[in-house]
Amino acid sequence: MQLFTARLAMRPLQSSDWPLFLQLHQNSTVIRYCYDMPSEAFVRSRFEQRLKSWDSTSTHPFCLVVFDKRSNEPMGVTGFTYELEQAELGYLFLPAYFNQGFASESLRAVIEWAWQQWGITQFKAVVTKGNIGSEKVLQKCGLTLTGTNTQAHTINNTRYDDLIYTLKL
């Protein structure tokens, strides 16, 4: 299974993608609004979960590696976890690809595929308050702010609110 957009090619995560996955999860700029620096063992566990094949009964995340169509360079990952008729969206991109519309382009393709292939009509995303870039990505994809979880988590000893964005097709 592969997805394509005007600028991107996406395919399921493979074992050879470990270096990219580790880099995304341990780059301080990438994870700044996500969590504290995780251990390699924690990242490996997340990686292994995402290697399994996915269908609509799966409880593990669906993960695609995103490539630049022209250069074939890996840029990041995108996907979702599906539970209780709702897909929770997520993505991580290398800093070189920030602020160029790649995250929203990949996410729109994932939403469209999930709807057409699996009939998924409800989507949500959780973003740390202050992560303006990710808020804009979600808004470009049609999600709207529908809630806030106050003081939901801690990053570098600072408490942050989680903003809940949703989309119903």
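**Close-up 1. Helices H1 and H3 cross in a right-handed manner.** The model shown here, as in the other views, is predicted. The contact draws on Trp18, Phe21, Leu22, His25 and Gln26 from H1. From H3 it takes Glu40, Val43, Arg44, Arg46, Phe47 and Arg50. By residue class, this H1–H3 contact comprises five nonpolar, four charged and two polar residues.

**Close-up 2. The axes of H1 and H3 meet at an angle of roughly 125°.** Two packed helices are described by the angle between their axes and the distance between the axes. Here H1 spans residues 18–26 and H3 spans residues 40–51, and their axes come within 10 Å. With a crossing of roughly 125°, H1 is therefore oblique to H3.

**Close-up 3. Eight strands form an open sheet with mixed pairing.** The strand order is E1-E2-E3-E4-E5-E6-E8-E7. At the edges are E1 (3–4) and E7 (144–155), each of which pairs on one side only.

**Close-up 4. Edge strand E1 runs antiparallel to E2.** Strand E2 consists of residues 8–12, and two bridges join E1 to E2. In this pairing, Leu3 stands opposite Met10 of E2.

Definitions and conventions. Residues numbered from 1 in each chain as written. Predicted model: local features only at pLDDT ≥ 70, side-chain atom pairs only at ≥ 80, totals over all residues. Heavy atoms only, no water. Axes fitted to C-alpha atoms, helices over the stretch in contact; angles between N-to-C directions. Helix = DSSP H or I, 4+ residues; strand = E, 2+ residues; numbered from the N terminus. Parallel < 35°, antiparallel > 145°, perpendicular 65-115°, else oblique. Left-handed = near helix turned anticlockwise from the far one by under 90°. Contact = heavy atoms within 4.5 Å. Nonpolar A, V, L, I, M, F, W, Y, C, P; charged D, E, K, R; others polar. Pairing = 2+ DSSP bridges.
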